Amino acid sequence: DTEDDADKVASEEHQVKTTGKQTGRQISLSSVTELRQAILSEGSAEITSITSNLTFVGCVDRELALVQHSTRLYLANTTRLSSLLFRQIVLQDFGNLSVLRLSPPPKVMDLALLALEQKEAGWSPGDGDKEELAGHVVDLLQGKKEMLADYFSLEFEMIGDCLHLTGLPLLLDDFCPWFGGLPVYIVRLATEVDWDNERLCFDTFAKETAAFYSVKEKKGAQPRFDTGQHGGDMVDWKYTIEHVVYPAVKKTLVPPSACLTDRTLLQVASLPDLYKVFERC
């Protein structure tokens, strides 16, 4: 039933409207500068050469795709690449992100309660009453809403006596995270973000947001990643991956060296070797 509830959230008519923010705003926080520098320091010139010059071949599924670079064919983990990409965008465009406005805006309490019904949230009776826990999520996010809106374009608003989620950060044009993952994302912001240390706060927020936005499979669901999923023209998920996600990977991603060892990019064939096989046949 809870998976059905998540699908219901994903399929509800939520109109999405893009609102731009001030561009070119200079952020002088040392914590942000350090996080951006760490991305560059961990980057690999060898893998950047692959990702920035790849040719998209096709999707295996939402998690995996085939890409070609030079004479080599790679199995690319789209989930991992998109998560890296979105984390870097959150930090690179810190304070300058546009907004995806949700209409009607969902109540944060409803989202938190829905998340706590899902296995993914990991709730057990020992954690306490769900209503009380959801209330803590609301209280925490309400207390952080000015900072979240200013730095990350994650917008909350009191409508009546209830806190509503009114806007999500626009990380990539023509891309919208799968709405079915929103409830768990909201709860994880309250439970997994380190709110006590500035650098860790920004880093853990970026990681949780990237995990929510990343392209992935979801058992029992058919996630889409276009703004039309909230009312509008339907865009096939394969189109979004090929024409929105991978062009952004090519253009902006600074891939860490681990990408060649953690199966983010796995070479599966060398075209000259394939040609030799064909010659022998």
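A residue counts as buried when its relative accessible area is under 20%, as exposed when over 50%, and as partly exposed in between (1.4 Å probe, protein chains only). By this rule, 47% of the 281 residues of the chain are buried. The model is predicted, so to speak of local features pLDDT of at least 70 is needed, side-chain atom pairs count only at pLDDT 80 or more, and totals for chains, interfaces and linings use all residues. Residues are numbered from 1 along each chain as its sequence is written, and side-chain values use heavy atoms, with hydrogens and water left out.

The chain has 10 helices and 8 strands, taken as DSSP runs (helices H or I, at least four residues; strands E, at least two) numbered from the N terminus. With contact meaning heavy atoms within 4.5 Å, 74% of the contacts between residues at least 6 apart in sequence join residues at least 24 apart.

An open sheet of 4 strands runs in the order S2-S3-S4-S8 with antiparallel pairing; two strands pair if DSSP finds at least two bridges between them. S2 and S8 stand at the edges with a single partner strand each, so one side of each is left without a neighbour in the sheet. On average, neighbouring strands of this sheet are turned by 30 degrees against each other, direction ignored. S2 pairs with S3 in the antiparallel sense over 4 bridges, and Thr-55 has Gln-68 in S3 as its bridge partner.

Axes are lines fitted to C-alpha atoms, for helices over the stretch in contact, and angles run from 0 to 180 degrees between N-to-C directions.

| Helix | Strands touched | Angle |
|---|---|---|
| H4 (residues 78-92) | S3 and S4 | about 70 degrees with S4 |
| H9 (residues 237-252) | S2, S3 and S4 | about 160 degrees with S2 |

Ser-31 lies in helix H2 (residues 30-42). Ser-31 counts as buried because its relative accessibility is 4%. The side chains of Ser-31 and Glu-198 are joined by a polar contact of 2.7 Å. Neighbours within four places in sequence aside, Ser-31 is in contact with Glu-198, Arg-199 and Phe-202.

The largest pocket has a volume of about 390 Å³. Its lining comprises 19 residues, of which Ile-89, Gln-92, Asp-93, Leu-171 and Thr-252 lie nearest the centre. H2, H4 and H9 each supply at least two lining residues, and H4 gives the largest share, 4 residues.

Terms used. A polar contact is a pair of N or O atoms within 3.5 Å; within protein, one must be able to donate a hydrogen and the other to accept it, and residues adjacent in sequence count only if both atoms are side-chain atoms. On a 1 Å grid over the protein atoms alone, a cavity is a set of points where a 1.4 Å probe fits but cannot get out, and a pocket is an open set with protein on both sides within 12 Å along at least five of seven lines; lining residues have an atom within 4 Å of a point. Grid points are joined across faces, edges and corners, and a volume is the space filled by probe spheres set on the points.
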